[in-house]
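Dear colleague,

Please find the structure below, for your records.

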Amino acid sequence: MYNARMMDNTSTLKRIVDILIDIIYKTHSYILSMNDSYESQLSDKQLHFIIIGLLGIAMLLVIYPLFKWMAKKNLTVLISWFYVFTVLVVITFAIEIGQWYSHTGEMDFNDILAGLVGYFAMSFIFLLVVAIIELIKSIFKKK
């Protein structure tokens, strides 16, 4: 039962990775066909420069107003939390893909979930401790 469950989780993550690879492949092929049909003759490096640059700016246009609003509301800890969460998502996926590729472990979607849930739980404890410290400081400040 344990092995069947592991295989199911491995196949789920493999399907997700396959879908992402397929989306990237199709997008890449489309961009190359557009480059060829307009006879732009842009090199692979130039296309990466343009596409990743535009993707980054598009993401910035969404994220910047959100983070600016959070900063105005004095939610800088939330901004930091989102940043760390994003980095951890990349790291956990990289670990699982690395295990699959190098055959040093099983690629398991539940490992990713367990790691991220660990971050949620420890973040909650961290924020609770910070809130208690701030409460104690405010009580002593009033006296």
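**Ring pairs and helix packing**

Phe82 has a relative accessible area of 31% and is therefore partly exposed, a class that lies between buried (under 20% relative accessible area) and exposed (over 50%), with a 1.4 Å probe and protein chains only. The model is predicted: local features need pLDDT of at least 70, side-chain atom pairs count only at pLDDT 80 or more, and totals for chains, interfaces and linings use all residues. Residues are numbered from 1 along each chain as its sequence is written, and side-chain values use heavy atoms, with hydrogens and water left out.

The structure holds five aromatic pairs; rings of Phe, Tyr and Trp (its six-membered ring) pair if their centres lie within 6.5 Å, and planes under 30 degrees apart count as stacked, over 60 as edge-to-face and the rest as tilted. Trp81 and Phe82 form an edge-to-face pair, at 5.4 Å centre to centre and 85 degrees between the planes. Trp81 counts as buried because its relative accessibility is 17%.

Trp81 also pairs with Phe120: the ring centres are 5.3 Å apart and the planes stand at 40 degrees, so this pair is tilted. Because Trp81 lies in helix α3 and Phe120 in helix α4 (residues 109-142), the pair ties together parts that are 39 residues apart in sequence. Helices are DSSP runs (H or I, at least four residues), numbered from the N terminus. Phe120 is partly exposed, at a relative accessible area of 41%. Ring pairs link Trp81, Phe82, Phe85, Tyr119 and Phe120 into a cluster.

Yours sincerely

Technical notes
Helix = DSSP H or I, 4+ residues; strand = E, 2+ residues; numbered from the N terminus.
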